[in-house]
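Visitor: I would like to see what stands behind the terms used for this structure. Please set each value against the rule that it has to meet.

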Amino acid sequence: MAKEECLSQINKTGDGSILRNRKIGPLAGQTQQSRITSMSRVKSSQTAGHSSEDYTPSSNGSSAQLLVKRSSEYPSSVLLILVVLLSFSTRLYKIAEPPHVCWDETHFGKMGSYYINRTFFFDVHPPLGKMLIGLAGYMTGYNGTFPFIKPGDKYEHHNYWGMRGFCAMLGSFLPIFAYLIVLELSKFHTAALISATLLIFDTGCITISQYILLDPILMFFIMGAVLSMVKFNQQRYRPFTAPWWLWLALCGINLAGALGVKFVGLFVIILVGLNTVWDLWRLLGDLNISLMDIAKHFLARVAGLILLPLFIYVTIFAVHFAVLNKSGPGDGFFSSAFQSRLIGNNLHNASMPEYLAYGSTITVKNLRIAGGYLHSHWHLYPEGVGVRQQQVTAYLHKDYNNLWLVHRQDDNDSQSGNPDLVRHGDVIRLEHKETTRNLHSHRHEAPLTKKHFQVTGYGINGTGDTNDLWRVEVSGGQKGDLVKVLRSKVRFLHRATGCVLYSSGKTLPKWGWEQVEVTCSPYLKETPSSQWNIEDHINPKCMMSTLHYYLYSFVFFKVVTLFFLLLLCVLTVPNISLSVLKPSFLEIFIESHIVMMRGNSGLKPKDNEMNSKPWHWPINYQGLRFSGVNETEYRVYLLGNPVVWWINLASLGLYVIMVAMVSIIIQRGISLGQKRIEHSQVLIQGGGPLLLGWLLHYVPFYTMGRVLYYHHYFPAMLFSTMLTGVTLDILFRSADLLLPPPYSDWFQRSGEVVLLFIVLYSFYLFHPLSYGMMGPLAHEPGSTMAGLKWMDSWEF
C-alpha cells in the first residue's frame with residue numbers, strides 16, 4: 001500500500017518519464033469514477049487559495065517528488081539550451097542576404113524610416129510593429145534615408161541588418177516559447193521537443209522571421225501571451241503571490257503588444273478571454289472560496305487583462321502621434337482637422353479666407369473617413385461603364401488634380417474688386433482646374449454603386465450644359481448663410497436630377513487607378529458620405545494687393561496704399577486661423593482606427609501577385625515570392641517545409657480521433673490505468689487550448705472580405721505545431737496498448753528518432769527556399785531544387 005501511495009504521489013508531479021516502464025492499474029477497491037472524483041476533490045481543496053506545497057502527504061512521497069524534480073531539471077535545461085541555440089542559429093544565418101529589398105520590406109522598412117524622420121504616414125495596421133522596426137534601425141545606425149521604392153533595390157551602404165536582425169531575434173523566440181508552452185501543458189519533454197523541432201526546421205517560419213516584416217513581431221507577442229497565460233494557470237493554487245501577479249501582468253502586456261502590431265492580435269485576446277471566463281467560472285463553483293475572494297479574482301483580472309492592455313495600447317498611439325508630427329504621404333487619408341496638427345502641412349498654423357467666394361480655387365474633401373478629395377484626371381471611363389466621359393473620383397492623397405474653380409451658374413463672376421461670396425442655396429459650377437472640364441452628372445448608372453448616377457467631367461474650357469449645375473447646401477443652414485471654409489458641412493445637389501454628390505468608399509478597378517468611386521446619390525439623407533468641406537481656399541481677388549504694390553512701387557505712399565488694400569481684403573473676406581481646428585487626442589485616436597479599418601477592408605491584390613484562399617494554407621498549396629523570378633537572380637520563396645506542414649495537417653485529424661476515442665471510453669465507464677488517465681488529461685486539457693487557438697487564428701479568415709495572403713496562416717500554424725507535439729507524443733506513449741514492454745518503449749523511441757530524421761532531412765532538401773537559390777529553376781535540369789516541386793502550384 002505504501003508503494004502504491006508513493007507511486008501515486010510521483011504521478012502527481014506530472015512527469016511521465018518515471019512511469020514509462022511501469023503499468024499501473026486501478027487501486028484496490030477503487031473504481032474509475034471514484035478515483036476521478038477523488039482527484040477532483042484534491043484539486044478543489046487546492047483552489048481555496050493554498051499552495052500545493054502545503055499538501056505533502058509523507059516523507060516517502062516528498063522524497064520521491066524531490067527525486068523526480070531533480071532528475072527532470074537537468075534534461076530540461078539541456079534541451080532548452082539546445083532549442084535556443086538551434087533557433088537563433090537557423091534564423092540569424094545569412095541574415096544580410098540578399099542585400100536588396102525583399103517583398104514587403106518595401107512597406108515596413110519605409111515606415112521604419114518615416115519614424116526616424118518623424119514623417120506622418122498611413123498604414124492599415126496599428127503602429128507598434130513599425131515603431132519597433134524604426135527604433136531597431138535607429139539604434140543600429142540606420143539614418144532613415146533609404147527610399148524603399150520597390151523590391152530588388154540594392155541597400156548598398158545603408159545599414160539594414162539591424163532591422164532584419166531585430167525581426168529575426170523575435171522570430172527566434174517562437175520555438176523557445178513553443179517548447180515552454182507545450183512543456184507546461186503536457187509536462188512531457190518529448191512533446192515540447194517535438195513542437196520546437198518542427199518550428200526550428202520549418203522553412204516558412206525561418207523565411208518570415210528573417211526580413212523586415214510585422215509577422216515575427218506579431219507572433220512573438222501572440223506566443224508570449226499564450227506562455228504567460230499557461231504560466232498564470234499554473235499559479236492558480238498560489239493566488240495573489242508575486243509570480244501570480246507577474247504572469248498576469250505579462251499576459252496583459254503581450255496582449256497589448258499583439259493588438260498593437262496587427263488587428264489579428266484580437267484572436268489571441270479572445271483565446272485568453274475564454275480561458276479567463278472558464279477560470280472564473282471554476283472559482284465560482286468552488287464553495288471553499290468566499291464571494292469576496294471571487295470578487296478580488298475578478299477585479300485582478302480586469303486590471304491585468306483589460307485595463308493594463310488598454311492603457312498600453314492607447315499609450316502606443318500617443319507615442320505614435322507625438323513622434324510623427326511632420327506632414328507626409330498619409331495626410332490625405334485624414335480629416336482637415338487632423339492635418340492641421342502636422343508640421344509642414346498647408347493647414348498647419350495657416351490662415352485663409354474664411355468664407356467661400358466665387359472665383360476661388362479650392363479642394364473639396366469628403367467628410368467620410370478616408371472618403372478622399374474630389375478629383376479628376378484626363379482618363380475617361382472605359383467602354384461599358386456609363387458614358388465614356390472624363391473620370392471623376394475621390395483621391396486619398398494631396399494632388400494638383402484635386403483643384404477646382406468655383407463659378408456662378410451664368411459664368412459671370414463678379415467683376416468688381418471685391419470677391420463675391422457663395423451662400424446657402426446658390427447654384428454654382430465647379431470647373432476642374434487642370435482639364436477645364438466641369439463637374440457633371442446624368443442619369444447613367446454609376447460604375448460600382450448601380451442605384452446611383454455616374455459623375456463625370458464634361459465640357460471644354462468651362463463650357464458645358466445644364467447638367468454641370470449644382471446647388472450648395474450648408475448643413476443646418478438657411479438661405480443666404482455664408483459657406484465657411486473648413487467648418488461648414490456642405491452638400492452639392494445636382495440641379496437637373498436632384499441627386500447629391502457622394503463618395504461611396506468603394507475602390508475602383510485598375511482602370512480607375514484604384515481610387516474611390518464618386519457618384520450622385522438619389523437618396524438625400526445627410527450622411528458623411530454626402531457631406532463635404534472646403535479645405536484649401538485661394539481667392540485671387542485677395543491677392544490684388546500684391547499687384548497693386550508693384551503698380552504703385554514708384555508712389556511715395558506705397559506703404560500706406562498697401563496697408564489700405566490689405567485692410568480692404570480682410571474686411572471683405574476675413575481670414576480664419578486653422579488653429580481652431582486642433583482636435584483632441586481622443587478624436588484623432590478614434591479617427592485613426594476608422595481609417596485603418598476602412599483601409600483594411602479596401603485592400604486589393606498587387607500587380608502580378610496571386611492572393612490565396614484560407615483552404616490553401618494548411619495544405620501548403622502555394623507560397624510567396626520574396627525575391628527573384630529568374631535564374632540570374634537571388635531567389636527566396638516563402639513556403640513551409642511540406643513535411644512539417646503535412647504532419648501538422650494529419651495531426652489535426654489524429655487529435656480529433658484520439659479525443660473522440662478517449663471520450664467514448666470515459667463515457668462508457670471503461671476502466672483506465674493511472675497512466676491512461678494522465679495521458680487523457682494531457683490530450684484534452686493540454687491539447688484543447690491549442691486546438692482552440694488554431695481555430696481562432698484560422699477560421700475567421702473565411703469570413704473576411706479583404707484580400708488574403710499565405711502569410712496570414714502563420715499564427716495559426718504555431719498552434720497547429722504545438723498541438724502536433726502533444727498529439728504525437730501521446731500517440732507514441734500509447735504503444736503499450738498494442739505492444740508489451742520493452743517493445744513498446746523501443747517503438748516509442750524509434751518513432752521519435754524516425755520523426756526527427758524525416759524533419760531534418762526534409763529541411764536539408766528545402767532549406768534553399770529560405771537561404772536563397774540561384775541558377776536553374778526547379779523544373780530545369782541542374783537545379784538545386786530539381787525533383788522537389790511536389791505541387792504544380794509551387795513557384796520556385
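Guide: Two residues are in contact when they have heavy atoms within 4.5 Å. The model is predicted.

Visitor: Which residues of H9 and H19 meet by that rule?

Guide: On the H9 side they are Leu218, Met219, Ile222, Met223 and Val226, and on the H19 side Phe714, Pro715, Leu718, Phe719 and Met722. By class, this contact of H9 with H19 has ten nonpolar residues, with no polar and no charged ones.

Visitor: Why are H5 and H6 called oblique to each other?

Guide: The axes of H5 (residues 128-139) and H6 (residues 161-186) cross at roughly 125° and come within 7 Å. The roughly perpendicular range ends at 115, and roughly antiparallel needs an angle over 145. H5 and H6 are therefore oblique to each other. Their crossing is right-handed. H5 brings Leu132, Ile133, Ala136 and Gly137 to the contact, and H6 brings Gly162, Met163, Phe166 and Cys167.

Visitor: How do the residues of the contact of H5 with H6 divide into nonpolar, polar and charged?

Guide: There are six nonpolar residues, two polar and no charged. In this scheme Gly counts as polar and Cys as nonpolar.

Visitor: How do H10 and H12 cross?

Guide: The axes of H10 (residues 242-261) and H12 come within 8 Å, at an angle of roughly 35°. H10 passes H12 in a right-handed crossing. Residues of H10 in the contact include Trp244, Trp245, Leu248 and Gly252, and those of H12 include Arg301, Gly304, Leu308 and Tyr313. By class the contact of H10 with H12 has 16 nonpolar, four polar and one charged residues.

Visitor: What counts as a cavity here, and how many reach 30 Å³ or more?

Guide: A cavity is a set of points where a 1.4 Å probe fits but cannot get out. By this rule there are five of 30 Å³ or more. About 120 Å³ of space lies in the largest cavity.

Visitor: Which residues lie nearest the centre of the largest cavity?

Guide: They are Phe121, Asp123, His125, His320 and Met596, out of 14 lining residues. H12 (291-323) and H16 (585-601) are the elements that give two or more residues to this lining. The lining of the largest cavity has nine nonpolar, three polar and two charged residues.

Visitor: What lines the second largest cavity?

Guide: This cavity has a volume of about 90 Å³. Among its lining residues are Asp215, Leu218, Ile222, Lys262, His697, His711 and Pro715. H9 gives the most to the lining of the second largest cavity, with three residues. Leu218 and Ile222 of H9 and Pro715 of H19 also belong to the contact between those two helices.

Visitor: How do the residues of that lining divide by class?

Guide: Six are nonpolar, three polar and two charged.

Visitor: What is omega for the cis peptide bond from glutamate 97 to proline 98?

Guide: Omega is near -5° for that bond. Proline 98 lies in the loop between H3 (59-92) and H4 (105-117). Another cis peptide bond joins proline 741 and proline 742, with omega about 0°. Proline 742 is in the loop between H19 and H20 (743-766).

Visitor: What value does phi of tryptophan 103 have?

Guide: Phi is near 45°, a positive value in a residue other than glycine. Tryptophan 103 is in the loop between H3 and H4.

Conventions: Residues numbered from 1 in each chain as written. Predicted model: local features only at pLDDT ≥ 70, side-chain atom pairs only at ≥ 80, totals over all residues. Heavy atoms only, no water. Helix = DSSP H or I, 4+ residues; strand = E, 2+ residues; numbered from the N terminus. 1 Å grid on protein atoms, 1.4 Å probe; cavity = no way out; pocket = protein on both sides within 12 Å on 5 of 7 lines; lining within 4 Å. Points joined across faces, edges and corners; volume = space filled by probe spheres on them. Axes fitted to C-alpha atoms, helices over the stretch in contact; angles between N-to-C directions. Left-handed = near helix turned anticlockwise from the far one by under 90°. Parallel < 35°, antiparallel > 145°, perpendicular 65-115°, else oblique.
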